[in-house]
Structure formats: structure tokens, C-alpha cells
Amino acid sequence: MLPARCPPLRRLLWALQRLKSGKPLRATDLAREFEVAVRTAYRDLDFLRDEWRAHVEYDHHKGTYTLTEPLANLPLVTISQGELIAIYFAEKILRQYRGTPFEADLASAFSKIQRLLPEEVKVAPESLDAYLSLDLGPLHTPDAAVFRDVLVALRRRRRALVRYQSLSSGRTTERRIHPYHVFNLRGNWYVAAWDDSRKAVRDFAIHRIRRITVMTDAYEIPRGFDFRKYTAESFGIEKGTRAAEVVIRFGPRQARWIRERKWHRSARIQEEIGGGLVLRLRVGETSELRRWVLQFGAEAEVLRPASLRRAVAEELRAAAAPYRVRPRDLKG
């Protein structure tokens with residue numbers, strides 16, 4: 001591990017590269033290249049000689065440094081097994097940034113980190129796949145040019161005209177938006193923006209924006225807009241009209257799984273005799289919440305609100321209807 005007193009790595013590597021090329025190096029060259037004091041440059045070169053044991057010789061007559069012996073591989077960085085695993089997972093998480101303007105820069109930065117590792121710990125992430133895996137699930141890849149223009153509109157505070165395909169209606173419409181905040185939820189990218197046609201803030205999936213034109217007219221994000229408050233009462237991406245207390249009882253089998261995660265910032269758990277539990281949330285009712293409850297089948301019972309209880313009950317009845325057939329009607 002580099003000592004705490006180590007100079008910035010970039011200066012040291014630049015000096016080493018200059019010396020390896022056979023060119024003489026002056027402290028003033030290093031100082032001028034990185035805009036630091038000459039005294040700092042002298043300390044950097046002393047560090048190369050004394051700490052990294054580079055065979056650097058100073059010519060008092062010329063005032064230059066030269067490399068007197070070939071440079072061996074320097075252990076610039078040592079990392080633990082846990083840190084190596086973290087690098088592996090970081091490479092996997094880069095998938096979330098495919099199709100975004102950050103993809104190329106992140107891939108380049110990751111590659112540079114790998115190149116800085118000493119040979120004895122250099123490892124290709126794919127070689128760890130034999131005993132490690134990370135599946136982020138199916139992710140939507142946004143169009144990189146669209147993503148870039150969304151960020152341009154947000155950064156410059158310019159209105160944008162987008163051609164957007166709605167998942168709920170299946171229709172593609174022209175919308176004028178004022179981008180407020182770009183965010184990633186469960187691996188997919190969205191922009192929270194004022195929608196001129198709806199006269200409200202809406203979430204737009206960036207991968208469903210088919211075309212975007214950044215306009216010249218400016219807008220201001222209202223001072224009262226707070227992204228955390230905007231998302232505080234949503235269970236997922238969908239926003240309910242009004243938050244209400246949602247109370248769901250889980251049977252012992254699913255209760256073990258419910259205990260393992262923090263489902264919402266408002267979530268509270270009440271344990272019950274027999275191993276079950278009651279989960280309380282304060283969120284807006286949405287079809288997303290209803291679908292979440294339905295996945296637990298008979299192990300989940302909505303207690304409140306009454307409207308959600310009715311909706312889940314109707315959905316379960318409709319799902320059971322195809323199975324209400326007499327045994328003699330079944331073939332095979």
C-alpha cells in the first residue's frame with residue numbers, strides 16, 4: 001500500500017515514464033508539467049529513489065536525473081482479496097451505465113485501475129466467473145445520444161421536445177418537458193420532469209424516449225421541488241395520488257423473506273405469534289404495489305386500506321377462474 005506521505009501517483013508515473021524513455025529529467029520539468037513548486041518536484045524524485053528504490057542518479061553539473069538501471073516492476077498498489085472481489089463486482093455493475101454518456105469514461109477508468117495493479121494480482125474479471133456471479137436482471141439500454149441530450153437539457157435548463165412511447169397506453173406522443181432530475185431505479189434510468197401537457201411532474205423512462213430535441217427556451221426548477229420528497233411516498237417508479245397506510249399480514253414462510261429487506265423508508269414490522277408478521281408502509285396505492293402483493297399468493301393478506309384489499313381480492317378471483325373446471329373436463 002502506498003505510504004500516506006506518497007506524492008500524487010500521476011506525477012510519479014509521469015516522471016518514471018520520462019526516465020524510462022531515456023530522456024534526462026529536471027525537477028523544473030516535473031514542476032512545470034504539473035504546476036507544482038520546484039521543492040515539491042524534488043521531494044517527488046527523492047521519493048522515487050528512496051521509497052520505490054528506482055535507480056535514479058542526479059547529475060549536479062547538469063541538474064538532471066537519469067535512470068542508471070532498467071526499471072523493475074514496482075509494487076505500486078497492493079490490494080486485499082476483498083478489494084479484488086469489489087473490483088470484479090464493479091465491472092459487473094458497469095452494465096447499468098451501458099447506453100449512457102458515462103459508459104466510455106467508466107470503462108476507461110476501470111481499465112486504468114486494472115493496469116495500475118501489480119502483475120501478481122492482475123486478474124481478468126471473467127476468470128472469476130467460475131465461482132462468482134452477479135445477475136442484475138434484464139436491463140433496458142437507453143440510446144446514448146438521447147441520454148446525452150437529456151443531460152444537456154437538464155444542465156442548461158432548456159426545455160425539450162420528446163417523442164415518448166408510453167408503456168401503459170402503448171401510444172407514442174410528443175411531449176414538452178422540463179427535466180428536473182435523472183435517476184436510476186433497479187438498474188434502469190429515468191428522468192423526473194415537468195410535463196407541459198399533464199401540468200405535473202412525471203417520470204419518463206429514458207429507454208422509451210424515441211427522439212429528443214433540446215429547445216432554446218429556458219426554464220427554472222421550482223425551489224420547492226425536492227427529489228427525496230417527490231419519491232418519499234412511492235413504492236417503486238409509480239406515484240400514487242395520495243399516501244395512505246398500507247398494512248399487509250404475511251404468513252410464516254414469506255415472513256422470513258420480508259424481514260431480510262428494507263422495503264420502504266416508512267416500513268415498520270410487527271411480529272406475530274407463530275412466525276408471521278405485519279408490514280406497515282405509508283405509500284400511495286398503485287398497480288405496482290398491487291402486483292407486488294399478488295406475488296406472495298396466499299401468504300399475504302392486505303388488511304388496509306379497503307380499496308387495496310378489494311383490488312387484490314378481485315385479481316385473485318380472476319386468476320383462479322380458469323382453474324375452476326371439473327376433473328372430467330381435463331384431458332391428458
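**Close-up 1. Leucine 279, a buried residue of a predicted model.** In this predicted model, leucine 279 has a relative accessibility of 0%, so it counts as buried. You will find leucine 279 in strand S10. Setting aside neighbours within four places in sequence, its contacts include Val246, Val247, Ile248 and Phe250, along with Ile258, Trp263 and Trp292. Ala267, Arg268 and Ile269 also touch leucine 279. Arginine 259 is 20 residues away in sequence, and its C-alpha lies 9.3 Å from that of leucine 279.

Close-up 2. Helix H8 spans residues 252-259, and its buried residues are Gln254, Ala255 and Ile258. Looking down the axis of H8, these residues fall within an arc of 110°, so they line one face of the helix.

**Close-up 3. Helix H1 packs against helix H3.** The axes of H1 (residues 9-20) and H3 (residues 38-50) are 10 Å apart, and the helices pack at an angle of about 70°. That angle makes H1 roughly perpendicular to H3. H1 brings Arg11, Leu12, Ala15 and Leu16 to the contact, while H3 brings Thr40, Asp44, Leu45, Phe47 and Leu48. Sorted by class, the contact has six nonpolar residues, one polar and two charged.

Close-up 4. Aspartate 44 sits in helix H3 and arginine 11 in helix H1, so the pair ties together parts that are 33 residues apart in sequence. Aspartate 44 is buried at a relative accessible area of 3%, and arginine 11 is buried at 11%.

**Close-up 5. Further salt bridges.** The whole structure holds 18 salt bridges. One of them joins the side chains of arginine 49 and aspartate 50, at 3.0 Å from N to O. Arginine 49 is partly exposed at 33% relative accessibility, and aspartate 50 is partly exposed at 37%. Aspartate 217 and arginine 159 also meet in a salt bridge, 3.0 Å from N to O. This pair links distant parts of the chain, with aspartate 217 in strand S7 (residues 209-218) and arginine 159 in strand S3 (residues 158-165), 58 residues apart. Finally, salt bridges with shared partners connect Glu245, Arg268, Arg280 and Arg304 into one network.

Methods: Residues are numbered from 1 along each chain as its sequence is written. This is a predicted model: local features need pLDDT of at least 70, side-chain atom pairs count only at pLDDT 80 or more; totals for chains, interfaces and linings use all residues. Side-chain values use heavy atoms; hydrogens and water are left out. Buried means under 20% relative accessible area, exposed over 50%, partly exposed in between (1.4 Å probe, protein chains only). Helices (H or I, at least four residues) and strands (E, at least two) are DSSP runs, numbered from the N terminus. The arc is that of the directions from the helix axis to the C-beta atoms. Contact means heavy atoms within 4.5 Å. Axes are lines fitted to C-alpha atoms, for helices over the stretch in contact, and angles run from 0 to 180 degrees between N-to-C directions. Angles under 35 degrees count as roughly parallel, over 145 as roughly antiparallel, 65 to 115 as roughly perpendicular and the rest as oblique. Ala, Val, Leu, Ile, Met, Phe, Trp, Tyr, Cys and Pro count as nonpolar, Asp, Glu, Lys and Arg as charged, and the others, Gly among them, as polar. A salt bridge is a side-chain nitrogen of Lys or Arg within 4 Å of a carboxyl oxygen of Asp or Glu.
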